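This report covers a surface patch and a sheet in the structure shown here. Terms are given with their cut-offs at the point of use.

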Amino acid sequence: MAKMNKKLEEKCDEISKKNTVEGIVTSFCANLKYALSKDQYSATLEDNFRALALTVRDRVVERWINTQQHYHKANVKRVYYLSMEFLIGRLLGNYIFNLGLENKTAQALTELGLNFEEVRQQELDAGLGNGGLGRLAACFLDSMATLGIPGYGYGIRYDYGIFHQKIKDGFQIELPDEWLRRESPWEFARPEYTVRVKFYGRTQMYKDRHGRFCVDWVDTQNILAVPYDYPIPGYKNDVVNTLRLWSARSTEEFDLEYFNQGDYEQAVHEKILSENISKVLYPMDDISQGRELRLKQEYFFVAASIADIIRRFRVKNEDLSKLPDKVTIQLNDTHPILGIVELMRILLDESDFQWEEAWDIVVQIFAYTNHTVMPEALEKWSVARLENLLPRHLQIIYEVNKRFLEEVSQRFPGDEGRIARMSIIEEGDHKRIRMANLAIVGSHSVNGVSELHTELLKTGVFRDFYEFFPKKFNNKTNGITQRRWLLKANTGLSDLIINTIGDKWVIDLSQLSKLIPYKDKAPFRKAWRDIKHENKKKLAEYIARTTEIMIDPESIFDVQVKRMHEYKRQILFGFYIVSQYLLLKHDPKKFVYPRTFLVGGKAAPGYVMAKLTIKFLTSIADMINRDKSIKDKLRMAFLENYRVSLAEKIFPASDVSEQISTAGYEASGTGNMKFMLNGALTIGTLDGANVEISQEVGRDNIFIFGHTAEQVATLKRQGYNPHDSIQKSPLLRDIFHLLRTNFFAPYNPGIFEPIIQSLESDDKFMICADFDSYLAMQQKVSQCYLDQEEWTKKSIVNVAKAGRFSSDRTIAEYAKEIWRVPYHK
């Protein structure tokens, strides 16, 4: 063993010495030949990508093993981040930049006669998330590693992830996202750590020989959770953390008896049912089977993760009462909340803890991040479904609720309304479990993700809980990693910044404030504009190649890319675009400056209105792009299959960032931060993190419009009538007329009637109420853009003031105030 360890150390030293151009070339050629069995004549682009990936992976793995050995020997306290989504995107470029090998790698490939960018583009996006939730989780893992925090991500290794979006005849079509059709070069299967996860069955209650009450969960159906690990390197600090994703496997791969009887489908029936758990992200939950599969997914990954966490703890520790000294678990939204109940079950049923001590351990370990203020978006599970699927967990939830409501009754005697609101069990004909209530009761910390969001939690949806647990509530404004969203995505701008103020901003984004004096230097502003123009040309070329729509880089690139949802108000953006079309037709002299409107985002397969919104936007685009009389003034493109790698092309090229959600509905948003970091100017409401962006840059460097969250609430209380807003706005009336007369869809009459009915009946998200204010602010945007020197100054200020919105800052706050773990400042 000693000889083997010595050999391994020598090999690692050898690899370390080869972080040179020559070393990378040698490794690439060796991997191409010995790992892939190819030479320069037979190698495809895909082979070249895999050879480069393996070359980079070798250098990551060395640091990975060293990091994990250090954590083990030091017996450190570890942070576990549980999330249903990790939108990690492509990893090759991220690994290369975090290792500091970008220039050497590019040079090595040039020496091999290969194009670095062309090779990088062969990687498939890992579609393990739907939007901001998953991308936030990925940024947080990057920051944890960069700050030297012993962190682990836990999620699901979806076979297909989020769907691949195609647009056909203007409609969204969902196709399987086969990101695993080619093996990922980054993942490492760890079958030795497979966990058996139980479902269904029944409970047996009895007293043991000491008279202690005991519960066994028996007659269960079992599924295997097989872990796959991804290394997560920090930035140039030799720290590599781990993302562990669970894949479902059947305990019975094949039933030979059925096969021999000729029933070939039944022979693999159990295998198919079991492995459905990790097939897709967010199965359709508008049918009973879909809802059950979603609940299975949530329990599957938290049960496997909790078991793995305890296994790792026991390697160096014996006493589970000391678990909070070595373990902290952050729950990313309500999806992993069953982890609270699962740990309680293990402590009670498998480790002989008394209730009070077990519950104290659980509360010390768990912390909960909320991501929505909309009551309808907070998860609730049918009691009947939970009783069938997880009978023991339901019993524990009932006991938690009983004890908690006794405390509430003591504090607020006779307040039945408060008790009903705070109960974990929602009463009624069909009882349901309120997962957010369970999360608050079972965690020591509850945080919102922007200052406004946190205040709305405390004064709105969780007001009762804030009054009961005021010390639990805190704010942790979201952030993004500058290493992916500026250093990697926008190399032209990052090079200019590095050459101007140095590179300390890569690990301390507040350093960007040093750019402020340079906004007054004309040569710097010109260099800034030139980089933006070059980025716009690259995006225009991509759009021409993928959509055959030609756009002008000289026009304003006005962009809204995000998950499709009514509160994000893509329809409001569409209405503005139509207003500009009408302006060109009826009063062209008032048109100020050419614009290219770019839209992207996926609608959940079962979300009818969101899918209809896509059809509405693509219909507008068709109308505009067919009209040759305005082609030098307006163009529009819907960028299908919005994903991380596409976002990296869009943000650096954008001039205007559309952050126009109804005030009080967006928890934070992180797209707004990515646009800001790349020099786009925001037009938006005072919602989510827009409030804090406005505070940082000043109202002269952002375009704020619309009702505030307080005004929205007041308007609704007073009885908001959208007809009043429509009648006051001539342009809005014209747009509704076009909708009614099927102007946007002459061959699909009535298709947009649901949009009309929704807006005219209640206009829940205040599109009509904010339209005129939005229109007026967009006019200011156009006028401002005419003065390119002033626009560039505002762009520089936005980047210079982005320091607050680094995920490094966010994670440092989590580490100090919630997790209580050290980090590198």
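## Nonpolar patch

Phe 171, Ile 173 and Leu 175 make a nonpolar surface patch of about 220 Å². Patches take residues with over 30% relative accessible area and no salt bridge, joining like charges within 9 Å and nonpolar side chains (Val, Leu, Ile, Met, Phe, Trp, Tyr) within 5 Å. A salt bridge is a side-chain nitrogen of Lys or Arg within 4 Å of a carboxyl oxygen of Asp or Glu. Areas are Shrake-Rupley values with a 1.4 Å probe, and for residues only the protein chains shown count as cover.

Leu 175 lies in strand 4 (residues 171-175); strands (E, at least two residues) and helices (H or I, at least four) are DSSP runs numbered from the N terminus. With a relative accessible area of 36%, Leu 175 is partly exposed (buried is under 20%, exposed over 50%, partly exposed in between; 1.4 Å probe, protein chains only).

## Model and numbering

The model is predicted: local features need pLDDT of at least 70 and side-chain atom pairs pLDDT 80 or more, while totals for chains, interfaces and linings use all residues. Residues are numbered from 1 along each chain as its sequence is written, and side-chain values use heavy atoms, without hydrogens and water.

An open sheet of 6 strands has the order 20-19-18-21-22-23, with parallel pairing (strands pair if DSSP finds at least two bridges between them). Strand 20 and strand 23 (703-704) are the edges, each pairing on one side only.

In strand 20 (residues 634-638), 5 of 5 residues are buried. Leu 634, Met 636 and Phe 638 point one way, Arg 635 and Ala 637 the other.
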